[in-house]
Amino acid sequence: MPPGKKASRSEAVPAIATGIELEKMRRRVRLSRLALFTAIAAGPVALAVAMASGPAAATAAAPNKPAPVRTAAVTADPAGYAQVFIDAWLRSSADEAGSAQARLAQSLAPDVALPEPAADAQSKLRSVTAVRSVQRGGDAWAVTVAAQYTDGTVRYFAVPVAADARGASFAVTGAPGAVAGAPGAVAGPARAAVPASPYTVHVPSDGALSSTVGEFLGAYLTGTGEVDRYLAPGVKLTPVSPAPYSAVVVREVSAVEEAAAAGQVPADGTKVRVLVQAEARDGAGRWPLAYELALTARSGRWDVAALEAGTVQGGGAR
């Protein structure tokens, strides 16, 4: 503003408002410093309270600031670690402590003694698979591992494992009742009862549904024909590629709903669920397979709406 010229009312108001805001900010800074110095003089407890109140005030002043994301720690299942250890432990020998397998087993569990297999043992370890994990409490786990040998024998071992809270590291530990902290030989898991199959309705082998199922599986597994022509509108299903089999034969089809057993295709929109027992063939032999399918009636034909393999077949009545 030129010297000697008076500010107009419209120019003075913003300047006054700005000055008031600056003065408020200076007061808040002075009060914050005073509170901090007072807390330091009062002792650690007051200092902690003063520091804790700082972020709260900042949050109130900036309500739109996103809150920090907090993630809960999840302990990882150590089944894979136990599987690696048992595989190395069973393949190692106390007489060859310097072998690669022995060094691996000892690096994973330094306090566990190595086994001493007979030099002329005929059966050798083929594979190792973790079959069950139980968290006993806190960081303690018990992992059951199955060891399969070349003679068809399967042995089970219980491995006590400790995992930290983040699942970032594991350590094999001794467990009450385990000999010298080594894995304990245990009985295999009990066989669960197979539930009764819901597929109790017999589907005729010469009906439209069985024909559609056979043609669909042929296209899906052998590459013969187009899979899409058997699918319901909107359903996407990629055939197995490369095609693993040269032929597929449907042995039996059973359903949940009675509508699947009708000779004629029912009204549009009728839905059924079926279990297909099939036999796939290739140059290496014949392979029994099972598929659960959901089908929908449309325009006098059956469309495949869903496919699931590895279904529980059960022992329901036929």
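I shall begin with the model as a whole, then turn to one helix and one aspartate.

This is a predicted model, in which local features need pLDDT of at least 70 and side-chain atom pairs count only at pLDDT 80 or more, while totals for chains, interfaces and linings use all residues. Residues are numbered from 1 along each chain as its sequence is written, and side-chain values use heavy atoms, with hydrogens and water left out.

The protein has five helices and ten strands, these being DSSP runs numbered from the N terminus (helices H or I, at least four residues; strands E, at least two). Of its 318 residues, 28% count as buried, that is, under 20% relative accessible area with a 1.4 Å probe and protein chains only. Among contacts with a separation of 6 or more, 53% join residues 24 or more positions apart; contact means heavy atoms within 4.5 Å.

Consider helix H3, residues 79-91. Its 13 residues should span 18 Å at 1.5 Å a residue, and the end C-alpha atoms lie 19 Å apart, which agrees; the expected span is 1.5 Å times one less than the number of residues. Buried residues in H3 include Tyr81, Phe85 and Trp89.

Where does aspartate 303 lie? Aspartate 303 belongs to strand S10, residues 301-309. Its relative accessibility is 2%, so aspartate 303 counts as buried. Leaving aside neighbours within four places in sequence, aspartate 303 is in contact with residues including Tyr230, Pro233 and Arg298.

Methods
Buried means under 20% relative accessible area, exposed over 50%, partly exposed in between (1.4 Å probe, protein chains only).
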